Amino acid sequence: MSACKEDDPRIDGIQSRIRVVPNFPKPGIMFQDITTLLLDPKAFKDTIDLFVERYKGKNITAVAGIEARGFIFGPPIALAIGAKFVPLRKPKKLPGKVFREEYDLEYGSDCLEMHVGAVESGERALVVDDLIATGGTLCAAMNLLERAGAEVVECACVIEIPDLKGSDRLKGKPLFVLVESQ
Amino acid sequence: MATTPNSLVLEISGVKIVPQSNYHSGNSVKVKLLPNTKSPIARRTPTIYGRTNTPRGLQQIKSSHMAAQNVDSTDDRISRISSSIRVIADFPKPGILFQDITTLLLDPKAFKDTIDLFVERYKEQNINVVAGIEARGFIFGAPIALAIGAKFVPLRKPKKLPGEVISEEYSLEYGTDIMEMHVGAVQAGERALVVDDLIATGGTLSAAIRLLERVGVDVVECACVIELPELKGRNLLGDKPLFVLVS
């Protein structure tokens, strides 16, 4: 089950700035493009503010962002709530010793990595990405954090595609989104 | 006064001791502001030397320490930023000393100071656009854009951006790569910053400058956390100035 912030007056502006690009990356997919949101400073700021208002004062010590669009939303949230920012990356990008988590794609599999020592046991973490579809990537992210002993408090995304039921793959952890899209 | 002659104590105001852990391996990244960069803060906080085990010495240190602690000087912030960067030998290949900024991101104060140093420099400069180079440029570019009220434009590897793009090819050590930007992200006449975590040879940054200039954007400056000066990346930026925090 996910919490969605439909009632806030800032949501309309945010939703209207998201561009849908049909047939990307392949036919039949309606791609939710957040780059147009980033071109509107007020809408981008409102997006961050909505997350910050929810999470400040909740003792979140780590914000983990999923490469690469999670690197756009995660760091401003981390900075505003005084948490560390932890990049979760595709293989072979992080230079130090890493935890590695494999996950399934529609065809084949992929991998997400996190530096050993980035989070400590007992830390309270958020996972941030621009969008949740099937939830596979977010689930891998949660696994990485939990393997390091952190507690995943919530997953936070700008957009959810509810029909893909990604929130069911979050191991019982809550999901918070700003916009739901078909 | 019963003090040993060699008990000189260095107190730098406003800097918290970063806890040492196994993760924070010692490194020796040099710190300096480059000669043709303007320090965003004109005043300097004095470094305070003194002996702590005489009452008067202690008194002087304490009062200066407290006065100086109200504002972290540029030097203090840069010192903390520099020491939070981890150097990893032989990555991605033997002989390379990789400057790892992920450890900086784990120190909320150092990360905030990094962004503040850029924001202080650019907030009055009428910058309309901050272009960040995938992927580490996103981490620094997005917060800067938000703080100065500019749009954020991601510059990406091929086939990541879903809409119509313009592409710029650039050289790597072996072969070439391509950088893309969405058509319509920027308008002619806009004033832009280009942000990345590090400048090495300058190839990536110069590709970003070319991409933006092709659509009529005025690239005001390139901003990086780290420069590797021996690689002379500045030379590839043409007439565009470069601002870095750590060299």
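## Helix packing, chain contact and backbone features

In helix 1 of chain A, R10(A), I11(A), G13(A), I14(A) and R17(A) meet A43(A), D46(A), T47(A), D49(A), L50(A) and E53(A) of helix 3 of chain A (contact means heavy atoms within 4.5 Å). By class, this contact has 4 nonpolar, 2 polar and 5 charged residues. Ala, Val, Leu, Ile, Met, Phe, Trp, Tyr, Cys and Pro count as nonpolar, Asp, Glu, Lys and Arg as charged, and the others, Gly among them, as polar.

This is a predicted model: local features need pLDDT of at least 70, side-chain atom pairs count only at pLDDT 80 or more, and totals for chains, interfaces and linings use all residues. Residues are numbered from 1 along each chain as its sequence is written, chains are lettered from A in the order in which they are written, and side-chain values use heavy atoms, with hydrogens and water left out.

Helices (H or I, at least four residues) and strands (E, at least two) are DSSP runs, numbered from the N terminus. The table gives two helix pairs. Axes are lines fitted to C-alpha atoms, for helices over the stretch in contact, and angles run from 0 to 180 degrees between N-to-C directions.

| Helix pair | Axes come within | Crossing angle |
|---|---|---|
| helix 1 (residues 10–17) of chain A and helix 3 (residues 41–55) of chain A | 9 Å | roughly 125° |
| helix 3 of chain A and helix 4 of chain A | 9 Å | roughly 50° |

Helix 3 of chain A and helix 4 of chain A are therefore oblique to each other. Angles under 35 degrees count as roughly parallel, over 145 as roughly antiparallel, 65 to 115 as roughly perpendicular and the rest as oblique. On the helix 3 side, F44(A), T47(A), I48(A), F51(A), V52(A) and Y55(A) make the contact; helix 4 of chain A supplies I72(A), F73(A), P76(A), I77(A), A80(A) and I81(A). The class count is 11 nonpolar, 1 polar and no charged residues.

Chain B and chain A each give 36 residues to their contact. About 2,800 Å² is buried between them, 73% of it from carbon and sulfur atoms. Buried area is the accessible area (1.4 Å probe) that two parts lose on being put together, summed over both.

Chain A has cis peptide bonds. One joins F24(A) and P25(A), with omega about 0°. P25(A) sits in the loop between strand 2 (19–22) and strand 3 (30–33) of chain A. Another joins E67(A) and A68(A), with omega about -5°. N59(A), not a glycine, has a positive phi of about 55°.
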